[in-house]
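Please read them with the coordinates open.

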Amino acid sequence: AEDTTAVGIRSIERKIIDYAWEHGFVKPQPATVKTGKKVAVVGSGPSGLACAQQLARAGHDVTVFEKNDHIGGLLRFGIPDFKLPKSLIDRRMDQMEAEGITFRTSTLVADTDKLPAGVRCDATSVVSPKALLEEFDAIALCGGSETPRDLKAPGRELANIHFALEYLIGQNKEVNGGGKNPINVKGKHVVVIGGGDTGADCVGTANRQGAASVTQIEVMPKPPVEYDVLATWPEWPRIFRTYTSHEEGCERLFSLNTNEFVGKDGKVTAIKVSDCEFKGGKLVNKEGTEHELKADYVFLAMGFVHPLDAVLDGFGVARDARGNAAAVPDPDTASGFMTSVPKVFAAGDMRSGQSLVVRAMSEGRRCARAVDKYLMGMSLLPAC
Ligand SMILES: Cc1cc2nc3c(=O)[nH]c(=O)nc-3n(C[C@H](O)[C@H](O)[C@H](O)COP(=O)(O)OP(=O)(O)OC[C@H]3O[C@@H](n4cnc5c(N)ncnc54)[C@H](O)[C@@H]3O)c2cc1C
């Protein structure tokens, strides 16, 4: 019988590229003509890597600076292996090295090595923005949006309350032979605060470590289960999403506000929560609904507020209203990537705020075109 099952475009694209790698069709494409121009890319997440590869193929000398000890940004240290095996990053890195890109890991680009709590930094050396501006013809800032959103409720200082990435980075390191994750929740009750992707990754990781229970709570109401196309398109639909991590075991609670962390002997033991609602745009607790949820570990997965001040202030780059790097609009790249500082560009989460991998890659590629055009007066790199 004819098989009429639909196949998503994503699956078809993935099959094609997997086949290409397996059969050796994906090869380094070093530039045949060099321009003699030097470009620094700060940050090696998907935006930085995409930007660097395009620029190297256009003939520029590209150096990628990364403060952590491995290349990949959140692909490497945020997203768990059960969603993205790290061998996929390694093979792309090998290709990029063969195309002439230099990677300088464990190198922080900033005027200070003091970063906010919860931000990972393996740097053993610090390079100042001034030095970079002197040495390079152009600089692309692709440092992501790393300042985590905190929950400043009473009891926040108790032990075993962590930002999500502290937990996920430790686990990504452990899974890839980098030593034990200092946070282990085996046999413990875990509460994840924040109902998004990052929270789901904490749920999946806690279940893999053998947590006694995992509860994910969210301050927003439960989204609709059905996708109302007419009401939503072309915006990203806000619907109730269930990831495999949830299916593996997790209680999901909505419209819950955290009032307080409760502890004993300096360690968290529970959180006090209330049912809540939005009234006149303000979050209010419903009276008489406060209760406790058992919690030996709490992971804060409430997103990221803006990029690191150390990078943007170091270069003196102007910000937009959300604290991201503001870019000068340019219709050629359907956004604009040049910042307020001449020859300094920005892309990915650092420019657009916390987003998705595909968007970061698209930003990196378009930013590369803007940099190439700035250096050469024109560019043959794609504008999308
Ligand atoms: C836990 C988690 C799970 C996610 N899951 C998904 C998912 O499943 N699908 C999806 O599409 N998106 C997902 N996202 C979002 C996605 O990972 C990001 O949108 C994307 O990685 C952004 O790419 P980027 O290159 O802009 O920044 P990043 O990936 O954040 O990379 C920035 C890099 O810059 C480095 N850096 C920063 N400042 C400096 C400096 N001063 N000097 C040197 N290096 C510096 C950082 O160390 C980092 O390596 C997830 C995010 C998180 C946190």
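1. How far is an oxygen atom of the ligand from an N or O atom in the side chain of E66? The distance is 2.6 Å. A polar contact is a pair of N or O atoms within 3.5 Å; within protein, one must be able to donate a hydrogen and the other to accept it, and residues adjacent in sequence count only if both atoms are side-chain atoms. K83 also places a polar side-chain atom 2.9 Å from a ligand oxygen. L74 uses its backbone: a polar atom there is 3.0 Å from an oxygen of the ligand.

2. A word on the basis. The model is predicted, local features need pLDDT of at least 70, side-chain atom pairs count only at pLDDT 80 or more, and totals for chains, interfaces and linings use all residues. Residues are numbered from 1 along each chain as its sequence is written, and side-chain values use heavy atoms, with hydrogens and water left out.

3. The ligand on its own has 1000 Å² of accessible area, and the protein covers 93% of that. Areas are from the Shrake-Rupley method with a 1.4 Å probe; for residues, only the protein chains shown count as cover. Around the ligand are 34 residues, and S47, E66, V109, D349 and V357 come nearest. Here a residue is near if one of its heavy atoms lies within 4 Å of the molecule or strand.

4. Which elements give two or more residues to this shell? They are α2 (46-57), β4 (107-109), α7 (197-209) and α12. Helices (H or I, at least four residues) and strands (E, at least two) are DSSP runs, numbered from the N terminus. By class, the shell has 14 nonpolar, 13 polar and seven charged residues. Ala, Val, Leu, Ile, Met, Phe, Trp, Tyr, Cys and Pro count as nonpolar, Asp, Glu, Lys and Arg as charged, and the others, Gly among them, as polar.

5. Helix α12 spans residues 357-376 and holds E363. E363 is buried, at 0% relative accessibility. Buried means under 20% relative accessible area, exposed over 50%, partly exposed in between (1.4 Å probe, protein chains only). Not counting residues up to four places away in sequence, E363 touches F337, A347, G348, R351 and S352. Contact means heavy atoms within 4.5 Å.

6. S379 sits in the segment after α12. Its relative accessible area is 9%, so S379 is buried. Beyond its neighbours within four places in sequence, S379 is in contact with R369, D372 and K373. The side chains of S379 and D372 make a polar contact at 2.6 Å.

7. Two backbone angles deserve a look. Most residues other than glycine have a negative phi. D265 has a positive phi of about 50 degrees. D265 lies in the loop between β12 (256-264) and β13 (267-279), and is exposed at 74%. K343 has a positive phi of about 65 degrees. Its loop runs between α10 (309-315) and β18 (344-346). K343 counts as buried, at 19%.

8. C276 is in no disulfide either, with the nearest cysteine sulfur, that of C250, 17 Å away. C121 is partly exposed at 31%, whereas C276 is buried at 4%.

Definitions and conventions. Disulfide = S-S within 2.5 Å.
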